[in-house]
Amino acid sequence: MTLRNYQKLLVGTLAIVFVTWMTSPAYATPTEHITNGDFETGSLADWTIVTTFSGDWVINDGTLDPQGPGISIAPISDNFDAISIQDATSSAMLSKPFTVPTGIISANVSWNDRIRNFADIFEDPTQEVRVEIRNSNGTEVLATIWSTDAGDPLNQEGPNSRSFDITSTLHGLEGQEVRLCFSQETGIFFLNYSVDNVSLTTETALVAGKLLPLDSSALFLAGINSMMVWMIPIVAGLAGAGAYMVKFRFEKD
Ligand SMILES: [Ca+2]
Ligand SMILES: [Ca+2]
Ligand SMILES: [Ca+2]
């Protein structure tokens, strides 16, 4: 191969790298929708509490001795968690509003918890813990993410880690304000539910044209999924390589 051909090969390789770089999508970073999800403000700031009768949610620093047979228990992580308490038949809901973004690629909710049910059963819905997506004012259940069921172990001090993919749930709610809700119902006997490290994240498809104005593929990126987004630079790179090698081969001959 002559020096001139080496130069052509180098220029062609750089062109392929450049085309691939130009068409690479910028990546969405997950957006966290829950503030004070670890309760380390030492308060229930940013959270809304709705109760009936003696039900309540309070902050726990490890010294709280709830009414009934439950004794004080260490916070799940660091200095504080949130705990449900009651003195009789009641309910209590701890919730946080958030706006569901449009163009969701993925959505996940996770938290840590402890369950101490002093009744001899779980029973739906009278002696139960539920985690739900509700409408903006909390009056309507839009989806139940997780709940205790009859037969579950009564004492689950863990701490337990729970994580759920809620992509399909939120797809139907894009653009709406909704609430993530932790609810306890105590119709039989005392139940303390502790929660910490609450996180709800979404990833959305980029309107890449805003970030990569020279990228022609940006015009249709928003409507396609992440796997297809990845294929664009690969296909562009392969096409560029093919076109160059044909040209190189032709000139060499
Ligand atoms: Ca904490
Ligand atoms: Ca007690
Ligand atoms: Ca249930």
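## The hairpin of β7 and β8

In the hairpin formed by β7 and β8, five residues lie between the strands, and Gly138 takes a positive phi near 80 degrees. The structure is a predicted model, in which local features need pLDDT of at least 70 and side-chain atom pairs count only at pLDDT 80 or more, while totals for chains, interfaces and linings use all residues. Residues are numbered from 1 along each chain as its sequence is written, and chains are lettered from A and ligands numbered from 1 in the order in which they are written.

Strands are DSSP runs of E with at least two residues, and helices are runs of H or I with at least four; both are numbered from the N terminus. Two strands pair if DSSP finds at least two bridges between them. Strand β7 (residues 127-135) and strand β8 (residues 141-147) are antiparallel partners over five bridges, and Ile133 has Ala143 in β8 as its bridge partner.

## Strand pairing around β10

On β10 (residues 177-186), β5 pairs in the antiparallel sense over 10 bridges. Within this pairing, Leu94 has Phe182 as its bridge partner. Strand β7 also runs antiparallel to β10, joined by nine bridges, with Asn135 opposite Val178.

## Buried residues and the nonpolar core

A residue is buried if 20 or more other C-beta atoms lie within 10 Å of its own, exposed if 12 or fewer do, and partly exposed in between, with C-beta atoms placed from the backbone. By this rule, seven of the nine residues of β7 are buried.

A nonpolar core is a set of buried Ala, Val, Leu, Ile, Met, Phe, Trp, Tyr and Cys residues joined through C-beta atoms within 7 Å. The largest such core has 31 residues, and those with the most contacts inside it are Ala82, Leu94, Leu180, Phe182, Tyr193 and Val195. Two or more residues each come from β4, β5, β6 (104-117), β7, β10 and β11 (191-204). In soluble globular proteins, nonpolar side chains tend to be buried together.

Two residues are in contact if their C-beta atoms, placed from the backbone, lie within 7 Å. Neighbours within four places in sequence aside, Val195 is in contact with Asp81, Ala82, Trp111, Asp113 and Phe182.

Ser84 belongs to strand β4 (residues 81-85). Ser84 is buried because 28 other C-beta atoms lie within 10 Å. Not counting residues up to four places away in sequence, Ser84 touches Trp57, Ala92, Gln184, Asn192 and Tyr193. The C-alpha atoms of Ser84 and Ser194 are separated by 6.5 Å, although these residues are 110 residues apart along the chain.
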